Amino acid sequence: MKCPKCNGELAEQTFLTQSGEIVIDKCKRCAGIWFDKGEAELLRDDWTSVSVDDGDQFLGMIYNEIRNIDCPRCQQPMKSINDPKQTHILYEICPEHGFFMDSGEFSDFRKLSVKEAFDYILDMYRKDHPDDTF
Ligand SMILES: [Zn+2]
Ligand SMILES: [Zn+2]
């Protein structure tokens, strides 16, 4: 699978946690992370963003400037969501398939499961775009 941001190679990485294995796709070039919605049911207490998201924050800031990316699963344009608490940060989400985070962004979600992070981002999007249905 290709990275939606930089077209680099997304490499599958498996992390063993107390709740089971989770597979994420991480870009070899920009260190962005793609989270599949289907993989998002696991994880909370033993979820360590540090081990997953160990990319360079400055790299993440550069790639955060890249907007209008397509979902790597369905090739549809992804929805962009501004974090109301950190307005410089933009998340990209495909409500059907998952979400993409730039390097360093996931550390803000270390207290949440991936599922909760996904729901949280989706929630932000809905508040932003109340007329958009999906
Ligand atoms: Zn990339
Ligand atoms: Zn999609």
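## Secondary structure

The protein chain contains three helices and six strands, where helices (H or I, at least four residues) and strands (E, at least two) are DSSP runs numbered from the N terminus. Along the sequence, these elements follow the pattern β-β-β-α-α-β-β-β-α.

The model is predicted: local features need pLDDT of at least 70, side-chain atom pairs count only at pLDDT 80 or more, and totals for chains, interfaces and linings use all residues. Residues are numbered from 1 along each chain as its sequence is written, while chains are lettered from A and ligands numbered from 1 in the order in which they are written.

## Burial and contacts in the chain

The protein chain has 134 residues, of which 33% are buried. A residue is buried if 20 or more other C-beta atoms lie within 10 Å of its own, exposed if 12 or fewer, and partly exposed in between, with C-beta atoms placed from the backbone.

Two residues are in contact if their C-beta atoms, placed from the backbone, lie within 7 Å. Of the contacts in the protein chain with a separation of 6 or more, 59% are between residues 24 or more positions apart.

## The nonpolar core

A nonpolar core is a set of buried Ala, Val, Leu, Ile, Met, Phe, Trp, Tyr and Cys residues joined through C-beta atoms within 7 Å. The largest such core has 25 residues, and those with the most contacts inside it are Phe-35, Ile-93, Phe-99 and Ile-121. Two or more residues come from each of strand 2, strand 3, strand 5, strand 6 and helix 3. Helix 3 gives the largest share of this core, with four residues.

## Helix 3

Helix 3 spans residues 114–128, which is 15 residues. Its first and last C-alpha atoms are 21 Å apart, close to the 21 Å expected at 1.5 Å a residue; the expected span is 1.5 Å times one less than the number of residues. The buried residues of helix 3 are Val-114, Ala-117, Phe-118 and Ile-121. Viewed down the helix axis, these buried residues fall within an arc of 100°, so they line one face of helix 3; the arc is that of the directions from the helix axis to the C-beta atoms. On the face turned away from the buried side are the exposed residues Asp-123 and Lys-127.

The buried residues of helix 3 pack against strand 3 (33–36), strand 4 (79–82), strand 5 (90–94) and strand 6 (98–101). Phe-118 belongs to this helix and is buried because 23 other C-beta atoms lie within 10 Å. The C-alpha atoms of Phe-118 and Lys-37 are separated by 7.6 Å, although the two residues are 81 residues apart along the chain.

## Strand 5 and its partners

Strand 5 is mostly covered, with four of its five residues buried. Two strands pair if DSSP finds at least two bridges between them. Strand 4 and strand 5 run antiparallel and are joined by four bridges; Lys-79 stands opposite Ile-93 in strand 5.

Strand 5 and strand 6 also run antiparallel, with three bridges between them. Here Cys-94 stands opposite Gly-98 in strand 6, and a hairpin joins the two strands through three residues. In a regular strand the side chains alternate between the two faces of the sheet.

Helix 2 (residues 57–64) has the buried residues Gly-60, Tyr-63 and Asn-64. Seen down the axis of helix 2, they fall within an arc of 105°, so they line one face of the helix. These buried residues pack against strand 5.

Asn-68 lies in the loop between helix 2 and strand 4. With 9 C-beta neighbours inside 10 Å, Asn-68 counts as exposed. Asn-68 and Pro-4 are 64 residues apart along the chain, and their C-alpha atoms are separated by 9.4 Å.

## Two residues with positive phi

Asn-7 is not a glycine, yet it has a positive phi of about 65°. Asn-7 is found in the segment before strand 1 (10–17) and counts as exposed because it has 10 C-beta neighbours inside 10 Å.

Ala-31, likewise a residue other than glycine, has a positive phi near 65°. Ala-31 is found in the loop between strand 2 (20–27) and strand 3. With 22 C-beta neighbours inside 10 Å, Ala-31 counts as buried.
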